[in-house]
Structure formats: structure tokens, C-alpha cells
Amino acid sequence: MIMKITILCTVQNHPVVKYLQRWMEEISSKGHTVSLAFDKSELQGGDVLFLVSCGQIIRDAERKKYKATLVLHASDLPEGRGWSPHIWAILGGANHITVSLLEACEPVDTGAIWLKTKFILEGHELLPEINAKLFEAELFLMSQAVDRFKTIEPVQQVGDSGPYLRLRYPEDSKLDLNKTIVEQFNLLRVVDSQRYPAFFDYRGKRYLVKIEKVENE
């Protein structure tokens, strides 16, 4: 089945974009038509709409333009509904991260599950490495959804989701001078040295802290 596919990612400088562009080339080579949009006003309709790092609410009017509107969400739903679930999980010490592909609906993150996959962290990865594993898991789910579009049977979510996870802000990258580096290593792992670097305040001044891994030669 040749499909018309749209990807909506509302952050143009998001690191996932280069992964999406690579995936678009691969999927186009199979005969599918695929486009990348950065705002929901660009949505023209088709077979499937993938929402990847999408900060906009896609209402029923937009969803009706497609046979399926699917969201990538980095938690084992129904647990972990809300914002940046894998980041909160890593801060809590988790190294096994589940990524769910689900139908977009309201309330958000409550749609039927199409597919799930997992990736494993060893505990040393910094954000670029975490992102790489996350994005590859997302692309795998997207490819599976396209290849198995007619045969997948969505499953409704069951169980208590707990409270929705809140949005993270740059202030969440603040280091505590009264804690050790070891105690705050997971925080250092998930900060973005460009967009929301770690920092601390001392003697009336603010200092940025950037972290890079030195690979063994």
C-alpha cells in the first residue's frame, strides 16, 4: 500500500529533525509520499499523520484529514502521560525506557496504543546519546506503522496513569551547590548544553555548566 504521510514537528531546530529527514528519504525510496510540517496550519491531509516532538494540540478537525493521526510518546502508557516522560524517568534513575505509538485524541496521551518498543541506557549516556537511542526507537515505530498499517489492531489503554507529568523549564537545569556531582549526575545527563544548560547561582552571579563526554581512545 502506497501512502501519503505527513510528519508534524513544531520545533524547527529540534535535534530529531535530521533523523526525520533521513527517515523521509528511506520511506520515499519505497514509493511513499512524505512531507515534514512545522505548524498545523500546513497540514493538507493524507493517510497518516505522525506527531513527533509536537507542541501543538491537534483537534478533531485536523485529525479528520487523515486515516490515522499517531503520536510518539516516550513512556509505557498509561504511565507517564504528560511532558518529557523519559527525562523524568532518567532523573528518577530509570535505564529502561519504553516508547509508545498511540492514536492522537483528547485528553492528550489517552489514545489507543498501536505499538511499543524499548531501549536500554547504561547509565553513562549524555543527552545526545539518549536522544539518538530515543529517535531510533521512534523511527522504528513509524516504519512499523507504515509497513503494517492495515493489520495493526490498536489496544485501548487500561489502568491508572497517575498524575500528568509537568512541562520542564530551563530553571529545572539548576544545580544545587550543596549536593555532589554524583548526586546530580542524572540531571547533568539530561541537560542540553545549547538550549537549556546546567547552571548554578553563587555570590549574586549565575554560572553555566556544560558537560561533554571524553571517549576512551
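**View 1. Leu208 is a residue of strand E8 (residues 205–209).** Strands (E, at least two residues) and helices (H or I, at least four) are DSSP runs numbered from the N terminus. The model is predicted: local features need pLDDT of at least 70, side-chain atom pairs count only at pLDDT 80 or more, and totals for chains, interfaces and linings use all residues. Residues are numbered from 1 along each chain as its sequence is written, and side-chain values use heavy atoms, with hydrogens and water left out. Leu208 counts as exposed because its relative accessibility is 55% (exposed, over 50%; buried, under 20%; partly exposed, in between; 1.4 Å probe, protein chains only). Beyond its neighbours within four places in sequence, Leu208 contacts Pro197, Ala198 and Phe199 (contact: heavy atoms within 4.5 Å). Pro197 lies eleven residues from Leu208 along the chain, with 6.5 Å between their C-alpha atoms.

**View 2. Six strands form an open sheet of mixed pairing in the order E2-E1-E3-E4-E5-E6.** Strand E2 (33–37) and strand E6 (113–120) are the edge strands, each pairing on one side only; pairing requires at least two DSSP bridges between two strands. On average, neighbouring strands are turned by 20° against each other, direction ignored.

**View 3. Four bridges join strand E1 (residues 4–8) to strand E3 (residues 46–51) in the parallel sense.** Thr6 has Leu49 in E3 as its bridge partner. Helix H1 (residues 16–28) packs on the sheet and touches E1, E2 and E3, its direction making about 165° with that of E2. Axes are lines fitted to C-alpha atoms, for helices over the stretch in contact, and angles run from 0 to 180 degrees between N-to-C directions.
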